[in-house]
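Subject: Structure handover

Hello,

Here is the structure for you to take over. My notes on what turned up in it follow below.

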Amino acid sequence: MESIKKNLEDLNSLVLSGKAIEAFDKYYDDIIVMQENTGEPMVGKELNRKREVEFFSSITDFRGAKVKSVGFGENTSFVVWDFDYTHKDWGVRKYTQVAVQTWKDGKIVKEQFFYGN
């Protein structure tokens with residue numbers, strides 16, 4: 001669990017310093033499965049990286065992100081985030097999100113995000 005904790009702390013630090021894509025490249029496995037709430041899972045690093053780049057390039061005003069809490073278990077971690085930004089298509093977004101990660105060999109192989117609309 002200590003390596004997951006260390007990796008997650010570094011990942012979160014990269015995200016908070018505006019290096020989310022660098023964090024994605026470093027800590028996400030080639031077989032990554034990402035899922036928004038109960039939406040359709042997106043499979044594969046190339047597809048998910050493209051989606052991440054599109055998301056971050058669509059933010060027109062970033063007011064902040066904050067890690068509220070983190071937790072760890074066997075091959076699992078979670079982060080509770082607060083986000084506040086304006087997206088070119090979705091408008092002003094201010095919400096709390098829980099990201100749950102499954103780890104294998106130092107990389108995230110599954111991540112699911114939970115948040116309200």
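What pattern does the protein follow, read along the sequence? The pattern is α-α-β-β-α-β-β-β-β. That makes three helices and six strands. The radius of gyration is 14 Å, close to the 13 Å that the globule rule gives for 117 residues, so the protein is as compact as a globular protein of that length. Please keep in mind that this is a predicted model.

Overall numbers next. Along the principal axes, the C-alpha atoms fill a box of roughly 35 × 30 × 25 Å. Of the 117 residues, 35% count as buried. Take the contacts between residues at least 6 apart in sequence: 45% of them join residues at least 24 apart.

Then the surface and the charges. The protein exposes about 7000 Å². Carbon and sulfur atoms supply 52% of that area. There are 17 positive and 19 negative side chains. The centres of the two sets lie 3 Å apart.

Now the core. The largest nonpolar core has 20 residues. Leu11, Tyr27, Tyr28, Ile32, Met34, Trp103 and Ile108 have the most contacts inside it. Which elements each supply at least two residues of this core? Two helices are on the list: helix 1 (2-16) and helix 2 (20-27). The strands on it are strand 1 (28-36), strand 4 (76-87), strand 5 (91-104) and strand 6 (107-115). As background, nonpolar side chains in soluble globular proteins tend to be buried together.

Two residues deserve a look of their own.

Start with isoleucine 108, in strand 6. Is this residue buried or exposed? Isoleucine 108 is buried, because its relative accessible area is 0%, and the cut-off for buried is under 20%. Leaving aside neighbours within four places in sequence, isoleucine 108 is in contact with Leu11, Tyr27, Tyr28, Asp29, Ile32, Gln101, Thr102 and Trp103. Among these partners, Leu11, Tyr27, Tyr28, Ile32 and Trp103 are also named for the most contacts inside the core. One distance to check in your viewer: the C-alpha atoms of isoleucine 108 and lysine 26 are separated by 9.7 Å. Along the chain, these two are 82 residues apart.

The other is asparagine 7, found in helix 1. Its relative accessibility is 14%, so asparagine 7 counts as buried too. Which residues does asparagine 7 contact, leaving aside neighbours within four places in sequence? They are Tyr27, Trp103 and Gly106. Tyr27 and Trp103 are also in contact with isoleucine 108.

Best regards

How values were computed: Residues numbered from 1 in each chain as written. Predicted model: local features only at pLDDT ≥ 70, side-chain atom pairs only at ≥ 80, totals over all residues. Heavy atoms only, no water. Helix = DSSP H or I, 4+ residues; strand = E, 2+ residues; numbered from the N terminus. Rg over C-alpha atoms; globule rule 2.2 N^0.38 Å. Buried < 20%, exposed > 50% of the residue type's maximum accessible area, 1.4 Å probe, protein only. Contact = heavy atoms within 4.5 Å. Areas by Shrake-Rupley, 256 points an atom, 1.4 Å probe, with all protein chains shown as cover. Lys, Arg positive; Asp, Glu negative; His and termini not counted. Charge placed at Lys NZ, Arg CZ, Asp CG, Glu CD. Core = buried A, V, L, I, M, F, W, Y, C linked by side-chain atoms within 4.5 Å.
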